[in-house]
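Trainee: I have a structure to look at and would like to learn how to read it. Could you take me through some of its features?

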Amino acid sequence: MDRLVEPAGRVLHLGPALSVRGGVSAVERLIVEHVGAVTPIEHIATMEDGSLWRKLVVYARALVELVKVLRSGVSVVVHIHFASRGSTLRKAILAWIVARARRPLVLHAHGASFDQFFTRLPRFLQRRLKRLFARADCFIVLSTQWRDFYVRHCGVPGHRVRVLHNPTALPHSVPDRAGRKRVQFLFLGRIGSRKGAFDLLRAFAALPPELRARARLVYAGDGDVERLRREASGLADSVEVRAWIGAAERDSLLDESDVFVLPSYSEGVPMALLEALAHGLPVITTQVGGIADIVADRCEGLIVTPGNVEQLAAALRLMIEDEARRLELGRHARLRAESFDVSRYRVELLRLYEGLLAQARVRSIR
C-alpha cells in the first residue's frame, strides 16, 4: 500500500450533517472515519434535517465557523460538498468566502441531476457559478461523464478536475448464495420515479406467476414509501416495502439478497450500488451518470434502458432462471468493488490535500 503522508495543515469539510440520510453524508462519514484516522478532519454541518428555521440556524452557524477558521491564520484546505438546487446556492456563498480568503478550495460535485438543474438556471446565475467553479483549486467529480459535463458546460478548467469515484467499505467476506430457493431482489435508496422504483415494481408484476413464486422483491428507503406500498398491495406475498433503515440492517439485507436493482434515470455514483457490489451482489441497472464507469453489461450485472419495463422484466427473469450466471456476475461484482475500497480513496485524498497545502505555502512565500 502507498505510504500515507499526513498533510502539514488543517482540513475542513463543509456539507450536510453526518446524520443526514443520503449518499453525500455516506461519503462524508467514510472520509471522516478513514481519512480522519490519518489526519484530523473538522466537519462543519451546513444542513440538518428538520424545520426551515433549524436549517437556517445550522447554515448561519456554518458561516460563522468558516469565517473564524479563515481568520485564524492557520493553513487549511476547505473541502465543500454540493449537490443541486438549494445545496448549490448555499455552498456557492461559502465557496466565494474561501476563494476571497485565498485558501485552497476543493469543490466536490455530487448532484445526480445537476446537469438539468444548471441548464434551467437564469443565465446570470450560470455565469456566476462558472466563475466560481473556475476558481476552485480542485474540482472533484464522480465519473468521466460528469467530468466532461463540468468542463464543457460549466467552465471548469480540465487540469483542475479530479475524477474520484465514491468509496465503499468492503466487508471481509460475502455469503455463499448458491442453492437458494427464492431469488431476492433488493432496491435501496430514495423511492420515487428518478431511481425507477415504480418501473421495477411494474416489471416484477409483469413476470409470470410461476416465476414470481421463485422470487421476492424488497425495497428499503425514504421518499414515496406509502405510495409504493399501496401499488404493491396486490403482490403482498412477494413484495416488501420498508422505510429507511440503518447501516446494520442494510448490511443484513445485502447479505440476504441475491440481486441488487437500481433502474435509475439519473445518478452521480450511487453509494447503494457500490455497497451492493462490495457485498458480491450482481446488479441490474442503467448506464446513467457515473454508473457507466462502474458497471459493464454482463460483467458485473445487466444493463437496461431507463424506463424500459420490458427489458427490466427480462433481466429479472434471467437472474431467476440462470443461477450459474447470477453467481458469476456476483463474483465479478465483488472484484470490481475492490477498485473503490475506501483505503485507496484515502490515499488519493491525502495526496490531494498535501499538494494543495504545499502550493499554498509557496504562494504565501511569494
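Trainee: Let's start with Glu 65: is it buried, partly exposed or exposed?

Mentor: Here is the general idea: a residue is buried under 20% relative accessible area, exposed over 50%, and partly exposed in between, using a 1.4 Å probe and protein chains only. Glu 65 has 26% relative accessibility, so it counts as partly exposed. Keep in mind that this is a predicted model, where local features need pLDDT of at least 70 and side-chain atom pairs count only at pLDDT 80 or more, while totals for chains, interfaces and linings use all residues. Residues are numbered from 1 along each chain as its sequence is written, and side-chain values use heavy atoms, with hydrogens and water left out.

Trainee: Which residue does the side chain of Glu 65 meet in a salt bridge?

Mentor: A salt bridge is a side-chain nitrogen of Lys or Arg within 4 Å of a carboxyl oxygen of Asp or Glu. For Glu 65 the partner is Lys 68, at 3.6 Å from N to O. The two are separated by about one helical turn, because they sit three residues apart in helix α2. Helices here are DSSP runs of H or I with at least four residues, strands are runs of E with at least two, and both are numbered from the N terminus.

Trainee: How many salt bridges are there by this rule?

Mentor: The count is 20. One of them joins Glu 323 to Arg 326 at 3.8 Å, N to O; both lie in helix α14 (residues 323-337). Glu 323 is partly exposed at 30%, whereas Arg 326 is buried at 3%. There is also a salt-bridge network linking Arg 216, Glu 240, Arg 242 and Glu 249.

Trainee: Where do Glu 267 and Lys 195 lie?

Mentor: Their side chains form a salt bridge of 2.7 Å, N to O. This pair links distant parts of the chain, 72 residues apart: Glu 267 is in the loop between β10 (259-262) and α11 (271-278), and Lys 195 is in the loop between β7 (183-188) and α7. Both residues are buried.

Trainee: How do I read a sheet, and in what order do the six strands come?

Mentor: Begin with pairing: two strands pair if DSSP finds at least two bridges between them. Here six strands make an open sheet with parallel pairing, in the order β2-β1-β3-β4-β5-β6. The edges are β2 (41-47) and β6 (161-163); each has a single partner strand, so one side of each lacks a neighbour in the sheet.

Trainee: What should I look for in strand β5?

Mentor: In a regular strand the side chains alternate between the two faces of the sheet. In β5 (residues 138-141), Cys 138 and Ile 140 point one way, Phe 139 and Val 141 the other, and all are buried. This strand pairs over three bridges with β4 (residues 105-109), and Val 106 stands opposite Cys 138. With β6 there are also three bridges, and there Ile 140 stands opposite Arg 162.

Trainee: Back to β1: which strand pairs with it over five bridges?

Mentor: Strand β3 (residues 76-82) pairs with β1 (residues 10-16) in the parallel sense. Within that pairing, Leu 14 has Ile 80 as its bridge partner.

Trainee: Finally, which residues does Asp 199 contact?

Mentor: Contact means heavy atoms within 4.5 Å. Leaving aside neighbours within four places in sequence, Asp 199 touches Tyr 265, Gly 307, Val 309 and Leu 312. Asp 199 lies in helix α7 (residues 197-205) and is buried at 9%.
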